[in-house]
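Subject: Structure for your files

Hello,

Please find the structure below. My notes on it follow.

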Amino acid sequence: MTAAIPTIALAGNPNAGKSSLFNALTGARQKIANYPGVTVERKAGHASFADGRPLGLIDLPGSYSLTPASPDEAVTRDVLLGQQAGERRPDALVVVVDAANLDNHLCFALELIALGLPTVVALNMLDLATRDGLTLDPAILSRELGVPVVPTVAVRKRGLTDLLAAVDGAILSHQTQATAQSAPPPSDAALHQRAKAISRAATLCETPVRRWTGRVDNVVLHPVGGFILLVALMFVMFQAVFSWATPFADALEGGIGVIQTWVVDSFPDNFLRGLVVEGLLAGVGAVVVFLPQILILFLFILLLEASGYMTRAAFLMDGLMGKVGLSGRGFIPLLSSFACAVPGIMATRAIPDEKDRLTTILIAPLMTCSARMPVYTLIIGAFIPAQKVGGTPIGLQGLVLFGLFLSGIIGALLVALVLRRSVTKGNATGFMMEMPRYQWPRPADIAIALWQRAWIFLRRAGTIIAATTVILWLLLTFPQAPAGQSQVEYSIGGRIASGLEVVVAPIGFNHDIALALIPAMAAREVAVSAMATANAIDAGDNEEAMAEQLSDRIAGRWSIATALAFLAWFVFAPQCISTIAITKRETNGWKWPLFMVGYLFALAYAAAGITYWTAVAFGLG
Amino acid sequence: MNPRLDSAPLGVAVRISRIDWDAMSQDEGRRLREFGLMEGIEITPLHRGSLFSRDPLALAVGRMQVIIRARQAAMIEVAPTAP
C-alpha cells in the first residue's frame, strides 16, 4: 500500500443520490475545480476513517455506462480507467445505487465492478425504497455482486461509518488477492438481464408501488394545468428576486456608505483615499449590492432542481423549445442564465447533443442576467415615470423591465431558430432523460451550493470588477485637468471615450455612455459603477454636485431616446469578460466566443439604433 | 403494421415488440438501452407533451420514469401485454 492518502471515487447513475452521499461524507470540506483541459467540474473533498486516518473523495459525474454520451460521462470513464490527465487512478470505488431502482442502476454497477478496483456498493436511499414498498436483502445482493454492499441513507447520514469501514476492508483484502479478470464486456441486453436477475434475487418483498410521485405528476405534468403552474412558479420566483432582496440590498448599500464616510473622516485627502472611496468602494459596492438578488434566484433554482421539479419543467418546455431546434434540456441552463450566464453556460454540459449544446451556449447571454439589473434599474428609475398603466395596478416601470426581459427571451428564440438553420445546423437528436422521483431538498446540500455560488460572485467582485474600477479611476484621474476644465473630459479615459463616441453617436450615445461602455466590457454592471466613479470625480469637492444622485444627473443630461437606446443596447451587448472566458473554455477555442461577441454586438448596435431613431421620430429626441 | 409507441394510449401498459435500431443514431440507441428500453420489456406511456406540442413522451420502465421524444417513440413498435 502506498503511504499516500487513499483516494476513493464515488460513481453511479444520475439521481442515485451520489452528491448527497458526497456531501454527507465530506461536509463542507470540499473543493470544486475543473478537470484540466476539459470543462467538467471536479468535486473533491476529505473525510476520515473511524480511526482517524484521512482519505480523499472525488464525486464523479453521474453516468449510465462507461461508454460516454457527454463530456461529463467521458471524465467518469477516464478517471476510472486512470486515463484522465493529472488525476491518479482512484484506490477504491464506491458505486452508489438507488435502492428503489436496482433493475437499472445495477447495469452500470456491474460494469464498474468488472473494472477490478476495490469496490463497495452503497445501497442508497433505502428509506425511499421502503416507502415505495420494497424490502431488499443487502446480503443476497452482496453475494450476487461479489462485493460488499452497505445500506445507506445519505440524507440522514445513515450507514456512512459502515460504508467507510467496508471501503477500508476492500482496499486491504484487494492487495492480498490478485484480481485479474478481463472478460469481454457483455452486451447491453445481457447486462440488463443479469441486473434484473440480481435485483429479483435481492428483493424479498415488493408491494404494489404507491404512486405518490405519479399522483403529483398528474397535476404537475398536466398539458394545460402543468404549464400554468410552471408560469406561476416563474412569476413568483422573479417577484421574490426583486421584493425579498430589497431590505438586504439596502442594508448592504448602507453598510458600504458607512465605510465610505468612515474612510473620508479618518484619513487625510490624498491619492490613496480617492482611490479607495471613489474607485474601489463606489465601484465594487455598486456591484456587491446585487448579491441578495443573485442568491435568492439561485435558492429557487437549487430548490427546484433538488426536489425533482426541474426535470418536469424541462418536460413541459421541451415541445416549445423543440420548435426552435433546442431541447427541454436547455431550459435549466437558460433559466440559470437569468441569474448569471456563467453557471448557465456551465450547466449546458448536461446536454448530450453537441449542436444543441452550442446553440444553447450562444443564446445564454441573451437571458437577462442579474448584472443587467443595476443598469436597467438606474435608467428606468431616471427616465420612466413611476406611475400606473391606465388605471391598472401594474406599474409602468415594472412593465418596461418586463419588456426588457421579454425582448431578451424573444431575441434568444429567434437567434436559436436562425442558428439551427445556419451555423449549428444538424438533426436534433432530441431529448432523453430520466425523470427523478420527487424528494425533499436537504437544507445542508442547498446551503453548501448557495455558499459556493456566493463565493464565486464575491471573488469576481473582488478581482475583475475591483481591478477594472481601479484602472478606470486612474484613467479618469490623470492627467489632472487645468482649472475650469472638466476632469473627466480632460483625462486619458475621457479622451478614449471621445474616440469611441464617434462610433456610437449615430445610435444616440453620448460621451457619458461612451465612457461607461469601455470598462463595462469587463462586466455590464461596471457601466453603473463607472458612471458613479466619473460622477464622483467630476463632482470633486463640490458638495452640491456630490450630493446629486447619479440618476438625477443623467436624467438632466440625456434625452429619453438616448436612454431607451442604452437599454436596448444592454439587452444584447455581450459585455462580460467572464461569459466570454467561460464560452472559450466550454467550446475549447476562440472560434465560438468570437462569433458570439460579434453577432451580439451587431444585434446590440442595430437594436439601439432602431430604438433611438424610432424614439426620435416620435419626438423623444 | 404494428402500433407504435408514439400513438399508444396513455396509462396502458404495452410490451416492446420491435425497435428500429437502424433508424436511430448509435448514441440514441445506446441511451435507450441504458434506460432499459429493449425488445420484450413492458412499459407504460404516462404523459405526453404540453400546451403547445405532443412532444415529448414520459414512460414508466420498471420503477424508473424516462422522457423520450415522439420521433424516437415512432421507432418503437409495441404490442398489447399478455393477459
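Predicted model: local features only at pLDDT ≥ 70, side-chain atom pairs only at ≥ 80, totals over all residues.

I begin with chain B. The C-alpha atoms of chain B occupy a box of roughly 35 × 30 × 30 Å along the principal axes. Two helices and five strands make up its secondary structure, and along the sequence they come in the pattern β-α-β-β-β-α-β.

One peptide bond in chain B deserves a look. The bond from Asp55(B) to Pro56(B) is cis, and its omega is near -15°. Pro56(B) belongs to strand E3 of chain B, which covers residues 53-61. As background, most peptide bonds are trans, and most residues other than glycine have a negative phi.

Met125(A) is not a glycine, yet its phi is positive, at about 55°. Met125(A) sits in the loop that links strand E6 (119-124) to helix H4 (126-131) of chain A.

As for chain A overall, it has 28 helices and 10 strands. With 621 residues, the compact-globule expectation for the radius of gyration is near 25 Å; chain A has 28 Å, so the two agree. Its C-alpha atoms fill a box of roughly 90 × 55 × 40 Å along the principal axes. The domain assignment gives domain 1 as residues 7-206 and domain 2 as residues 451-617 of chain A. Taken over C-alpha atoms, the centres of domain 1 and domain 2 of chain A are 50 Å apart.

The remaining notes concern helix H26 of chain A (residues 560-572) and two helices it packs with, H17 (residues 372-383) and H28 (residues 591-617).

H17(A) with H26(A):
The two axes are 10 Å apart and form an angle of about 165°. An angle over 145 degrees counts as roughly antiparallel, and H17(A) and H26(A) are therefore roughly antiparallel to each other. The crossing of H17(A) past H26(A) is left-handed. From H17(A), the residues in contact are Arg372(A), Val375(A), Tyr376(A), Ile379(A), Ile380(A) and Phe383(A); they meet Ile560(A), Ala563(A), Phe566(A), Leu567(A), Phe570(A) and Val571(A) of H26(A). By class, the contact of H17(A) with H26(A) comprises 11 nonpolar residues, one charged and no polar.

H26(A) with H28(A):
Here the angle is about 160° and the axes lie 8 Å apart. H26(A) and H28(A) are therefore also roughly antiparallel to each other. The crossing of H26(A) past H28(A) is right-handed. On the H26(A) side the contact involves Ala561(A), Thr562(A), Leu564(A), Ala565(A), Ala568(A), Trp569(A) and Phe572(A). Their partners in H28(A) include Leu600(A), Phe601(A), Leu603(A), Ala604(A), Tyr605(A), Ala607(A) and Ala608(A), with Thr611(A), Tyr612(A), Ala615(A) and Val616(A) among them as well. The contact of H26(A) with H28(A) divides into 16 nonpolar and two polar residues, with no charged ones.

Regards

Notes. Residues numbered from 1 in each chain as written. Chains lettered and ligands numbered in written order. Heavy atoms only, no water. Domains from an automatic or database assignment. Axes fitted to C-alpha atoms, helices over the stretch in contact; angles between N-to-C directions. Helix = DSSP H or I, 4+ residues; strand = E, 2+ residues; numbered from the N terminus. Parallel < 35°, antiparallel > 145°, perpendicular 65-115°, else oblique. Left-handed = near helix turned anticlockwise from the far one by under 90°. Contact = heavy atoms within 4.5 Å. Nonpolar A, V, L, I, M, F, W, Y, C, P; charged D, E, K, R; others polar. Rg over C-alpha atoms; globule rule 2.2 N^0.38 Å.
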